[in-house]
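Look over the sequence and the model before reading on.

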Amino acid sequence: MTVSWKDINKPPSSSTAVTAAQVANGPVMPPQQRLLTYSPSEWEGFVEEWAYYCLTTKYKHVQRFSGAGDMGIDVAGFVDDKRLQGAWENFQCKHYDHAIRPSDVWAEFGKVIWYSYKGEYTVPCRYYFVSPRGAGTSLSRLFSNATKLREELFANWDKHVKAAITSTQEVLLDSKLRAYVDAFDFSIFDAKTALQLVDDHRVTPVHTARFGGGLPMRPASEKPPQELAATESRYVTQLFGAYSEHTGTIVTDPSALSVPKLKDHFRRQRE
């Protein structure tokens with residue numbers, strides 16, 4: 001096979017047509033990619049928006065907790081008017097440059113255990129960590145093994161938990177608190193990915209405002225069949241009429257297109 005210098009310097013061909021919006025604004029950034037650029041506060045705002053619009057049949061109230069004293073709650077969905085004293089779920093927002101690791105969240109486990117132990121709120125029915133990059137392999141394995149998660153939390157309590165729950169005191173694992181942790185249901189913990197949230201968010205009235213949109217990318221055109229198909233007869237007849245008017249001769253068949261420019265035009269229009 002012989003390769004010419006011309007072939008080597010041939011520019012790459014585009015697989016899709018370029019829209020006017022792309023010309024004006026550049027390539028469309030997928031929502032999951034855009035979420036990676038958010039600040040932690042913007043990420044919490046998105047999670048709150050997702051819960052408010054996407055989980056309306058599940059929750060009576062959605063509330064975002066921010067600032068000091070949030071007791072380990074970022075976004076909460078409440079099933080009834082009892083709120084934190086009733087049935088509810090927590091969405092703990094994490095926005096890191098990596099998937100969530102156990103070392104990132106030991107304190108969060110400690111907070112929900114401590115504050116529910118103190119009666120500040122009931123144990124949530126479900127507790128989700130939500131991150132643009134999801135949960136890493138190690139944390140995902142712990143979510144699938146509640147017994148192992150409890151054991152690892154005990155092992156990391158002194159180093160990563162006792163001084164991170166509250167700034168006012170160290171939370172030591174005395175006999176009463178340890179018994180509470182032993183009975184705590186660790187199966188409530190899980191994670192949600194950005195892909196799951198975006199997929200839900202697509203049907204909301206605020207999706208386009210947040211992520212943009214417009215028409216989807218135009219796919220590459222299929223090559224038309226060699227012989228004219230019945231489905232294109234009406235369109236082709238109109239083309240032949242235009243060519244006849246342009247050339248001053250009757251055109252009823254592609255073979256009558258003697259001018260290369262018209263042949264190319266006819267091919268492109270069929271595509």
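A residue counts as buried when its relative accessible area is under 20%. Keep that cut-off in mind for the ring pairs below. The model is predicted. Its aromatic pairs number 23.

**Phenylalanine 46 and phenylalanine 211**
- The ring centres of phenylalanine 46 and phenylalanine 211 are 5.7 Å apart, and their planes meet at 80°, so this pair is edge-to-face.
- Phenylalanine 46 belongs to helix H4 (residues 40-54) and phenylalanine 211 to helix H10 (residues 207-211), so the pair ties together parts 165 residues apart in sequence.
- Phenylalanine 46 has a relative accessible area of 0% and is buried.
- Phenylalanine 211 is also buried, at 6% relative accessibility.

**Tyrosine 243 and phenylalanine 266**
- Tyrosine 243 and phenylalanine 266 make an edge-to-face pair, with 6.4 Å from centre to centre and 70° between the planes.
- Tyrosine 243 sits in helix H11 (residues 233-247) and phenylalanine 266 in helix H12 (residues 260-270), so the pair links parts 23 residues apart in sequence.
- Tyrosine 243 and phenylalanine 266 are both buried.

**An aromatic cluster**
- One aromatic cluster includes Trp106, Phe109, Trp114, Tyr117 and Tyr127.
- Also among its members are Phe129, Phe143, Tyr180, Phe184, Phe186 and Phe189.

**Charges over rings**
- Arginine 178 lies over the face of phenylalanine 154, 4.0 Å from the ring centre.
- Lysine 192 places its charged end over the ring of tyrosine 128, 4.8 Å from the centre of that ring.

Conventions:
Residues numbered from 1 in each chain as written. Predicted model: local features only at pLDDT ≥ 70, side-chain atom pairs only at ≥ 80, totals over all residues. Heavy atoms only, no water. Phe/Tyr/Trp six-rings, centres within 6.5 Å; stacked < 30°, edge-to-face > 60°. Helix = DSSP H or I, 4+ residues; strand = E, 2+ residues; numbered from the N terminus. Buried < 20%, exposed > 50% of the residue type's maximum accessible area, 1.4 Å probe, protein only. Lys NZ or Arg CZ within 6 Å of the ring centre and 35° of its normal.
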